[in-house]
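Welcome! Please take a moment to look over the sequence and the structure below.

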Number of protein chains: 2
Amino acid sequence: MSDERLRATYLIETARPLREAASAMAGEQSSGTFVDVPGETGELEARHGARVEDLVELDVADEPSLPGAAEPERSANPEYRRARVVVSFPAENVGASLPNLRATVAGNLFELRQFSGLRLLDLELPDSFTRSCPGPQFGIEGTREIVGVEDRPIIGTIVKPNVGLTPAETADTVAEVVDAGLDFVKDDELIADPPYSPVEERVEAVMDVVRDHEAETGQEVMYACNITGSVHEMLERHDAVKDAGGNCVMVSMNSVGISGLLDLRREADLPIHAHRNGWGALSRHPLLGFDYAAYHTFFRLAGADHMHVNGIRNKFCESDASVVRSARACQAPIADEDDRVMPVFSSGQWAGQAPETYEALGNPDLMYLAGGGILGHPDGPAAGVAHIKQGWEAAMRGIPLEEYAETHEELRTAIEYYGPVGSGR
Amino acid sequence: MSDERLRATYLIETARPLREAASAMAGEQSSGTFVDVPGETGELEARHGARVEDLVELDVADEPSLPGAAEPERSANPEYRRARVVVSFPAENVGASLPNLRATVAGNLFELRQFSGLRLLDLELPDSFTRSCPGPQFGIEGTREIVGVEDRPIIGTIVKPNVGLTPAETADTVAEVVDAGLDFVKDDELIADPPYSPVEERVEAVMDVVRDHEAETGQEVMYACNITGSVHEMLERHDAVKDAGGNCVMVSMNSVGISGLLDLRREADLPIHAHRNGWGALSRHPLLGFDYAAYHTFFRLAGADHMHVNGIRNKFCESDASVVRSARACQAPIADEDDRVMPVFSSGQWAGQAPETYEALGNPDLMYLAGGGILGHPDGPAAGVAHIKQGWEAAMRGIPLEEYAETHEELRTAIEYYGPVGSGR
């Protein structure tokens, strides 16, 4: 690893000369300090220093995007210049460690006064680093094998209401969607192991339903049981899920952290469904925090198998362009095909977004979750599931939804109810 | 716990009617969903629903602070109203779980289109919840006992250069500052267990120095060894630190996550020094993310003993007011005195900020870290340490620094070199 470098791409905004600001950033995150101290030799800097590898000027803003930046040099018209900067770090500085990678590429630098904007856009890691990480255990292929769905998205839903259901009530809700023909069902991120619904009881009740359905139909539905907790709690709950015949565990990534996920992955025998709640705090301002392409890398290499990316025309604030970039990042190999993870589309989804989603990705290697788009279908949940399958058939065959709807009743009803095509739920 | 509620205070900005927007927030994070689904009964909502408890209107902005908010109702002059909102959640929804507390109070809501700004300011937790959390094992008193410093701040520094030193070189650097009379020395957040400086070798080399110094002088210096990694790595490293006679471990909170810290705390016999690198991404925009008062609660209750808060007139972008609020939050009890943690002041510190720091807190229960303020002192590191002790003596006795400097040479030299008083390094 000794000569290898990892590269991080940033969007920056600064009132200082761009190259000077970029150098400050590289200095802060490697062998830099703002005073002369003994021991900081040229040799050490050559071996351990970060380097600005590339800098592309972008637009200029009249006002700083974020407060707290140092006042620009005396000027009647201060300008806040934006640039795309690539900084490389010696891989040796970090070692084979995702938690320490984050401290290096996304540590103190967000607070530097040289910047009125700083966002980590992307990471490029040497194969030796990537291969030292666990990565997804199941990924896209492993998940498809469990549910036996090969040539279309895995279609799923979320147990609702999101809090308050007892294990028996949860199982009843799952029974309904399983009967409707879904491939996948998950807990909400707001329920993990509360006193009114312990994981052990909930997963037993739900898996009874799932296994009965499998015995009748041959189809194994995947149930992502939310086991978020401390690491030892997650490992106990993982085992409870496995003992009950469960086939997936879910965690809130931003709660368990990179280290928490690494240790769950180390012991896990089941796919890990990674929910990104809290992501907005890290991403919503365009000149602060992270693009998902960079952020998801930490958790993906730590072992997530499925990663939430929101959906086209979602009910949240994220743009479609951002959703598509995120999903493409999940599907792109880092070191090899096996480290690809399954993007999870959700929020306001019905068949209406299938054509654009397929067009954006060129493949159906994703989870497509719908709540109201399935349970709210006028002819019931089975028609809800059917209309989404029909929508994806049409999208993958290049047939306009309205045309396909002429011969597919559930899709026709859905377009009348949720539509027009091109809208969100 | 069944009737208890936890309360979260937010700063919001919205173009929608304030009460409507606040209700949407409460709905999203409890039993709310945007479609009517079976099972969502009045009874469930009464038991599990979040409630808006208080709403205080603040100022009005002409433009949205964050992009992605839903367009306001047709209006020639849309207004973005700001408010401070308190939302309460049934404690039963969460259970005794810090990771799931985060998913509830700081989950999807940052992405809601109803808001052009949303920041979590503070948390108020029932004692039953707080007492179910491990909390700090050493805190302020336990840390003071180890270093034997009672009536002034614990004065420390950071090993520099921050990357690239071998274990032997690190020990040499530590020897210098230990000889200078420091109480505390820590690794940089950029070095944990890289190939050129494995924790085991580094801590052995450093603790030899520390224990020799103790044998000579009777004073035990605390060395915070950065063990950031996966949980099993951190536990192995913690044991290596302990076996080498070490007395503190350090972690990057945002890398290890709440769950990672909980499991380290569960097995740890040493104080945990929590570094907040990456905090800027979560906090720098004033209408997004977290105030430290809320954020630090998760990691403090998970088991951190010392928590970084930046410093007065720091070299980063944070305001002094924010630094003071953060430090006060660390020092304020949550359920009781034992859960207080030691705020760690650093960045650009010398004696010059001691008076304001003491005035803001009214006590010296803190760590005061200086790099250039100690190592850069014209008369060497021992004079650097002495001048900071003198500055704090003056501050605690209410004597102006300039006056105290008349009879204290190291302080006098420092004021000439770093000053004037009222400036930062």
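The paragraphs that follow look at charged side chains and their partners.

What you see is a predicted model, in which local features need pLDDT of at least 70 and side-chain atom pairs count only at pLDDT 80 or more, while totals for chains, interfaces and linings use all residues. Residues are numbered from 1 along each chain as its sequence is written, chains are lettered from A and ligands numbered from 1 in the order in which they are written, and side-chain values use heavy atoms, with hydrogens and water left out.

Side chains of opposite charge can pair when their charged atoms come close. Here a salt bridge means a side-chain nitrogen of Lys or Arg within 4 Å of a carboxyl oxygen of Asp or Glu. Over all chains, the count is 50 salt bridges.

Start with A:Arg16 and A:Glu20, a salt bridge whose closest N and O atoms are 2.9 Å apart. A:Arg16 has a relative accessible area of 21% and is partly exposed (buried means under 20%, exposed over 50%, partly exposed in between, with a 1.4 Å probe and protein chains only). A:Glu20 is partly exposed too, at 37%.

Next, find A:Arg144, which forms a salt bridge with A:Asp365, their closest N and O atoms being 2.9 Å apart. Because A:Arg144 sits in helix α6 (residues 139–147) and A:Asp365 in the loop between α14 (354–361) and β13 (367–369) of chain A, the pair ties together parts 221 residues apart in sequence. Helices (H or I, at least four residues) and strands (E, at least two) are DSSP runs, numbered from the N terminus. Both A:Arg144 and A:Asp365 are buried.
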